[in-house]
Amino acid sequence: MGVLIADFDPALMLGLFTVFGVPLFLVVFLLILRRIGTLPMHYGLSQCEKCGYDLRGNTMGRCPECGEVISENQRLLLASLPKLAEQAKRESSVGDP
Ligand SMILES: [Zn+2]
């Protein structure tokens with residue numbers, strides 16, 4: 001008994017904390033931030049930034065799932081999606097017999 005306490009080295013403990021504690025703390029901190037919704041979830045461009053709902057064809061300016069306001073940039077993108085799909089279809093069929 002007492003050997004562990006006698007061998008207690010503050011520098012070693014600090015080193016162990018830095019190597020294992022800090023990354024662990026950061027991971028837990030990021031998970032908590034993501035859980036409470038302060039970090040963007042990086043959904044696709046046609047999906048709601050908050051909940052990931054597919055907003056293609058949406059003309060309301062709001063997500064029907066969570067009520068998040070759709071940004072002006074995303075509204076412009078959503079409006080251009082059918083045209084882009086049509087254009088891609090035309091371009092891919094050019095070489096067809
Ligand atoms: Zn949403």
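Helices (H or I, at least four residues) and strands (E, at least two) are taken as DSSP runs and numbered from the N terminus. By this definition the chain holds three helices and zero strands. Read along the sequence, the pattern is α-α-α. Residues are numbered from 1 along each chain as its sequence is written. The model is predicted: local features need pLDDT of at least 70, side-chain atom pairs count only at pLDDT 80 or more, and totals for chains, interfaces and linings use all residues.

Confidence was examined next. pLDDT is the predictor's confidence in each residue, from 0 to 100. Its mean over the chain is 82, and 85% of the residues reach 70 or more. Among the elements, helix 2 (residues 10–35) has the highest mean pLDDT, 87. The lowest, 58, belongs to helix 1 (residues 3–6).

A residue is buried if 20 or more other C-beta atoms lie within 10 Å of its own, exposed if 12 or fewer, and partly exposed in between. Of the 97 residues of the chain, 3% count as buried. Contacts were counted too, two residues being in contact if their C-beta atoms, placed from the backbone, lie within 7 Å. Of the contacts with a separation of 6 or more, 9% join residues 24 or more positions apart.

Helix 2 has 26 residues. From first C-alpha to last it reaches 35 Å, close to the 38 Å expected at 1.5 Å a residue. The expected span is 1.5 Å times one less than the number of residues. Helix 2 bends by about 35 degrees at Thr18. The bend at a residue is the angle between axes fitted to the seven residues ending there and the seven starting there. The number of buried residues in helix 2 is zero, so this helix lies largely in the open.

Helix 3 (residues 72–92) has 21 residues. Its first and last C-alpha atoms are 30 Å apart, close to the expected 30 Å. A bend of about 40 degrees falls at Leu81, and a proline, Pro82, follows within four residues. Helix 3 also lies largely in the open, because zero of its 21 residues are buried. Leu77 is placed in helix 3. Leu77 is partly exposed, with 15 other C-beta atoms within 10 Å. Leu77 and Arg56 are 21 residues apart in sequence, and their C-alpha atoms lie 9.5 Å apart in space.
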